[in-house]
Amino acid sequence: MTGINKKQMVGIFAFCIAAVSTNMTMGIIAYIMQAYSNVAPTTVSQILTMPALVGTAYAFCVGFLHKKIPAKYLMLLAQGCLFLYGMIFLFLGGTAPFWVILLASGLVGISQGSSNTLLAIALSEAVPDEKKRGGILGICMSVMNIGGVFFSTVGGMLAVDRWNNAYYLYFIVAFTMLIQLFCLPKGAIQEAPQKVQQEKKAAGKLPLKVWLISIHYFIFFLALYVYGTNISEYIITTHKLGTSAEAGVASSMVTVGGIAAGALFGLYSKFLKKFTVPVLMGLCVIGLVIPIVITTNVFALFFCGLILGFAMYGCSPYIMGYMGQIAPGPLYSKALSVFSGFMNGGMCVAITVLAFLTGLICGDPGHVPTKFMVGAVLAGIAFVTSFPIYVTKD
């Protein structure tokens, strides 16, 4: 751990623990629908999409806000919004009008739209060595996923008697904020005027490759989203391979794959080097072909989720590190802001785009097997086009 600011790393890990805590709401959405039985289920489900909508807008802003506000305070803002969201759901859920709950879910977008960008910025300060930073970034991704598993699992248990009880876990967020407050630096000291002028000259337009990578990942993300949004229906209704129990395991395998990808990132990225993203996207193609070819074995779907989670959470740290090479210095936070914006934008439009493409092919926008075929094709496009983007020289 030489050359690494250990105190700052404690604050960064504290930030990661709660970064994806809101996945817990996906597991108890049925209880929330029962609590608001006078509201249409499709309307209630908007509390899962509202964060992506707000996050898309905020993601494009956070990189520019960082020029005025130190990363520490932006991280505290993100987690403060998470804490407020949890408290509103805890104390007002089921009693307050639904629009209050819907607006509260929008607070999650502040965290969702900025977590990856702020994590990368904070690590660039805590781990100056770029080679070490890649491995540490992978570990941070693992911590995020482990935190997500904890919140989802324990939250699901607490929600059995009263769904609001799950949000008692958000007092953990308050504790992590205290750790960040004491462990993270206030921000860079005011630089000399000459250096400031040099940075202003360097901070021009973002390289075209930043936009290409962001758009490319948007396509890749659409392919990945096929699994998460359709695996439950695939197992329970389409092929009758099990119940919600099997569907829950299939969904959680994505997180398990993400934990493995983050923990092992320092190893396989050193071996694969510039082929890291193409290889992982190739795995995604294989993963999405499995549900098309094997339709009678639920364990094949578990393996599919594992592969997809490994691919997604393996690509992210590599791309975030690569952005630092093509957009160094003052442009780095802006580049990550654009990348996060396209990623959150993918969350917003994935269901609509996938349904549209499926309808064009088979005439039925809700046909699940065709959706997986669409996802496999999109993943194939992302795989093929990843070579000129990541492997060939500029």
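These notebook entries record what I looked up in the structure.

**Basis of the entries**

I worked from a predicted model, in which local features need pLDDT of at least 70 and side-chain atom pairs count only at pLDDT 80 or more, while totals for chains, interfaces and linings use all residues. Residues are numbered from 1 along each chain as its sequence is written, and side-chain values use heavy atoms, with hydrogens and water left out.

**Entry 1: the whole protein**

I looked up the secondary structure and found 18 helices and zero strands. Helices (H or I, at least four residues) and strands (E, at least two) are DSSP runs, numbered from the N terminus. The radius of gyration is 21 Å, close to the 21 Å that the globule rule gives for 394 residues, so the protein is as compact as a globular protein of that length. This radius is taken over C-alpha atoms, and the rule is 2.2 Å times the number of residues to the power 0.38. I noted that the C-alpha trace spans about 65 × 50 × 35 Å along its principal axes.

Of the 394 residues, 52% count as buried. Buried means under 20% relative accessible area, exposed over 50%, and partly exposed in between (1.4 Å probe, protein chains only). The protein exposes about 17,500 Å², and carbon and sulfur atoms supply 71% of this area. Accessible areas come from the Shrake-Rupley method with a 1.4 Å probe; for residues, only the protein chains shown count as cover.

**Entry 2: two buried residues**

I located serine 21 in the loop between helix 1 (6-17) and helix 2 (23-27). Serine 21 counts as buried because its relative accessibility is 0%. Its side chain makes a polar contact with the side chain of tyrosine 170 (3.3 Å). A polar contact is a pair of N or O atoms within 3.5 Å; within protein, one must be able to donate a hydrogen and the other to accept it, and residues adjacent in sequence count only if both atoms are side-chain atoms.

I then turned to alanine 104 in helix 7 (residues 98-106). Alanine 104 is buried, at 3% relative accessibility. Leaving aside residues up to four places away in sequence, alanine 104 touches Tyr85, Ile88 and Phe89; contact means heavy atoms within 4.5 Å.

**Entry 3: threonine 385**

I found threonine 385 in helix 18 (residues 368-391). At 30% relative accessibility, threonine 385 is partly exposed. Its side chain makes a polar contact with the side chain of histidine 216 (3.0 Å). A polar atom of the threonine 385 side chain also lies 3.3 Å from the backbone oxygen of alanine 382.

**Entry 4: valine 293**

I recorded valine 293 in helix 15. Valine 293 counts as exposed because its relative accessible area is 61%.

I noted lysine 240, whose phi is near 50 degrees, a positive value. Lysine 240 sits in the loop between helix 13 (208-238) and helix 14 (244-272), and is exposed, at 65% relative accessible area. Lysine 273 has a positive phi of about 55 degrees. I placed lysine 273 in the loop between helix 14 and helix 15; with 56% relative accessibility, lysine 273 counts as exposed.
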